Amino acid sequence: MLSTFFNWITDPNMQWILMGSLLLGLGSGVIGSFTFLRKQSLLGDALAHAALPGICIAFMLSGVKSIGLFMIGAIVSGVLATFGIHAITRYSRIKQDAALGIVLSVFFGVGVVMMTKIQHSGNGNQSGLDKYMFGQAASMMLSDVYLVGIVSLILVAVCTLLFKEFKLVSFDPGFARGMGIKVGLLEQLLLLMTVIAVVVGIQAVGVVLVAALLITPAVAARYWTDALGVMIVLAGLFGALSGVTGTLISGTLSNLPTGPVTVLAASSIFLVSVVFAPGRGMVSKLLRRMRQRNEVKRSYGNGLAAVEGDRAMISNRANSSERSAD
Amino acid sequence: MADFWIILTGTLVAATCGVLGCFLVLRKMAMVGDAISHSVLPGIAIAFLISGSRDSILMLAGAAVLGLITVFLIQSLQNGGLQSDASIGIVFTALFAIGVILISRNAAHIDLDLDCVLFGEIAYVQWDTLIINGYDMGPAAVWLLGGTLLVVLIVIGLFYKQFKLCAFDPALAAAVGIPVALFHYLLMGLVSLSTVASFESVGAILVVGMLIVPASTAYLLTDRLSVMLIYSVLIGAASSIGGYYAAKWLDASIAGSMITVAGLLFVLAFVFSPLHGLVARYHKRRSLKAASA
């Protein structure tokens with residue numbers, strides 16, 4: 001077991017894949033922080049499902065299984081999905097959550113129809129499409145790893161360069177507009193980057209679970225800090241850590257798909273954060289509550305003593321007044 | 001006969017989900033339905049591992065328990081100060097991941113296909129029949145779904161007033177003494193029940209679509225809850241019939257086509273609804289403008 005592990009980790013091909021999943025986790029953690037702050041966490045889930053018809057159309061048109069083409073198709077249909085969600089919430093009384101659900105399921109339904117159509121048309125080349133459901137980072141080709149890594153790096157770079165602007169737009173769009181920042185444009189850019197992060201993430205963890213790559217590291221990071229900069233760095237670290245752990249475990253233990261393992265790694269980090277984070281974590285909340293209870297008890301105890309004293313004095317006085325009445 | 005059974009199964013799914021979906025959409029909890037439909041997976045897997053068979057009752061129980069656990073976890077994260085959408089996302093992805101791992105670790109013992117869980121295989125409904133005393137009673141899925149629909153209708157019918165008040169004004173409901181939390185969990189329990197009952201035949205994704213899309217379409221067509229419930233069921237039934245024939249014509253996935261048809265109906269309502277459609281809005285705005293000029 002340990003020797004296979006070492007064989008595996010010294011394999012240069014595997015090192016590249018590890019690098020790829022590390023960068024992927026980093027990128028989606030960083031982007032996820034912004035989507036979390038803008039209360040759009042589930043957008044990632046909807047976009048991931050909405051990518052399916054784009055991927056199928058790209059395959060139908062080109063007839064080849066190329067990750068680059070799939071990504072372009074997925075990005076186009078992801079952008080269409082964001083427009084759809086926006087239009088539904090803007091022009092009808094349907095709320096954000098239902099709009100997300102509608103776009104998610106209808107786009108996915110259309111995608112499934114196309115996918116079965118491709119499979120029934122007897123094109124033997126379609127097996128790669130299935131991988132999109134659960135992800136298989138460990139079997140990525142070297143060129144795919146390059147693509148995933150480079151795209152993730154670009155995402156992180158853009159976030160670093162536009163950090164101040166994104167921060168302002170996320171916390172106070174009105175003020176940002178007052179400062180002369182192009183809020184609409186930046187929001188569109190953030191949305192586009194979310195779409196790209198989701199589409200890249202599908203490679204590693206699959207359609208259903210890609211939402212976790214965006215949400216879980218960001219929320220876990222939120223438990224540790226109040227500063228956006230620190231939170232983003234932490235979210236990136238958590239994302240990278242879960243990407244590497246997921247790929248390592250799923251590569252060494254056969255039978256385990258990469259996506260779920262990666263997601264469980266992220267969920268474990270989240271669990272640790274919920275329990276142990278200073279200030280917000282459950283342990284520290286419990287300690288604080290106990291301390292407060294003790295304080296109250298102590299002051300209440302003092303108060304009780306004072307009350308007892310008062311009562312004694314009153315009864316004394318009453319006694320004495322009774323006596324004087326006698 | 002095959003056509004009839006498939007359409008009947010689809011319609012039963014649509015009716016069960018359509019009724020519950022109305023309450024989810026009104027309570028702004030559509031994505032909780034999505035979360036439940038994914039996170040019942042470990043419940044199904046555990047039921048499989050314990051019983052070693054496709055015993056529907058045990059699977060229903062396992063999944064209902066998991067559904068309630070999901071709702072409870074989401075609720076407690078929210079009470080801890082986390083946004084509702086983030087807590088939904090964290091909980092359902094973690095549980096779904098556990099489910100996928102359980103299934104793929106025990107792939108040898110579990111005769112449960114992941115593709116089948118996600119997309120369902122409604123086309124095979126008629127082969128899996130319920131046999132009582134050697135007498136063929138028709139497809140088992142139809143009985144399971146029919147029973148679920150009956151339970152849903154009875155519970156909603158008995159507590160219609162309470163569910164209605166909880167959907168529109170939970171604060172008032174609490175003030176007049178309705179146990180809001182109890183009805184919340186009751187509704188979620190029903191959602192997980194119907195998710196599982198629909199699972200085998202139509203898959204997780206169609207369940208989400210059937211919960212949300214017909215109910216939202218009905219929401220655009222009327223302002224009365226009772227009418228909305230009826231519309232939602234009718235739209236769901238129309239989507240499953242239309243979807244079946246579309247799938248036959250296209251030679252594609254039946255579940256996917258059903259959702260596609262439901263989506264088309266939603267777009268129609270979105271544009272042409274006499275109450276809240278785009279065209280009606282445009283006319284209203286124009287007549288207001290003309291009146292003010």
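Read along the sequence, chain A follows the pattern α-α-α-α-α-α-α-α-α-α-α-α-α-α. This is a predicted model, in which local features need pLDDT of at least 70, side-chain atom pairs count only at pLDDT 80 or more, and totals for chains, interfaces and linings use all residues. Side-chain values use heavy atoms, with hydrogens and water left out; residues are numbered from 1 along each chain as its sequence is written, while chains are lettered from A and ligands numbered from 1 in the order in which they are written.

Me: How many helices and strands does the secondary structure of chain B come to?
Reply: Let's start with the bookkeeping: helices (H or I, at least four residues) and strands (E, at least two) are DSSP runs, numbered from the N terminus. On that basis chain A has 14 helices and 0 strands. For chain B the tally is 13 helices and 2 strands.

Me: What percentage of the residues in chain B is buried?
Reply: Buried means under 20% relative accessible area, exposed over 50%, and partly exposed in between, using a 1.4 Å probe and protein chains only. In chain A, 50% of the 326 residues count as buried. Among the 293 residues of chain B, the buried share is 56%.

Me: Of the contacts in chain B with a separation of 6 or more, what percentage comes from residues 24 or more positions apart?
Reply: A contact here is a pair of heavy atoms within 4.5 Å. Chain A, counting contacts between residues at least 6 apart in sequence, has 71% joining residues at least 24 apart. The corresponding value in chain B is 72%.

Me: Are α3(A) and α5(A) roughly parallel or oblique to each other?
Reply: Axes are lines fitted to C-alpha atoms, for helices over the stretch in contact, and angles run from 0 to 180 degrees between N-to-C directions. Angles under 35 degrees count as roughly parallel, over 145 as roughly antiparallel, 65 to 115 as roughly perpendicular and the rest as oblique. Helix α3 (residues 43–62) and helix α5 (residues 96–120) of chain A pack at about 25 degrees, with axes 8 Å apart. The pair is therefore roughly parallel.

Me: How many residues in the contact of α3(A) with α5(A) are nonpolar, polar and charged?
Reply: Residues that meet include A:Ile57 and A:Phe59 from α3(A), and A:Phe107 and A:Met114 from α5(A). Ala, Val, Leu, Ile, Met, Phe, Trp, Tyr, Cys and Pro count as nonpolar, Asp, Glu, Lys and Arg as charged, and the others, Gly among them, as polar. The contact divides into 18 nonpolar, 2 polar and 2 charged.

Me: Is the crossing of α10(B) and α11(B) left-handed or right-handed?
Reply: The axes of helix α10 (residues 180–221) and helix α11 (residues 225–250) of chain B come within 8 Å and cross at roughly 125 degrees. These helices are therefore oblique to each other. A crossing is left-handed if the near helix is turned anticlockwise from the far one by less than a right angle, and right-handed if clockwise. For α10(B) and α11(B) the crossing is right-handed.

Me: How far apart are the end C-alpha atoms of α10(A)?
Reply: Helix α10 (residues 183–205) of chain A has 17 of its 23 residues buried, so it is largely enclosed by the rest of the structure. The expected span of a helix is 1.5 Å times one less than its number of residues. For α10(A) that should give 33 Å, which agrees with an end-to-end C-alpha distance of 32 Å.

Me: What separates the C-alpha atoms of A:Leu47 and A:Thr194?
Reply: A:Leu47 is found in helix α3 of chain A and is buried, with a relative accessible area of 2%. Beyond four places away in sequence, A:Leu47 touches A:Gly78, A:Ala81, A:Thr82, A:Thr194, A:Val195 and A:Val198. A:Leu47 and A:Thr194 are 147 residues apart along the chain, yet their C-alpha atoms are separated by 8.7 Å.

Me: What is the relative accessible area of B:Asp251?
Reply: B:Asp251 sits in the loop between α11 and α12 (254–272) of chain B. Most residues other than glycine have a negative phi. B:Asp251, though, has a positive phi near 55 degrees. This residue is partly exposed, with a relative accessible area of 41%.
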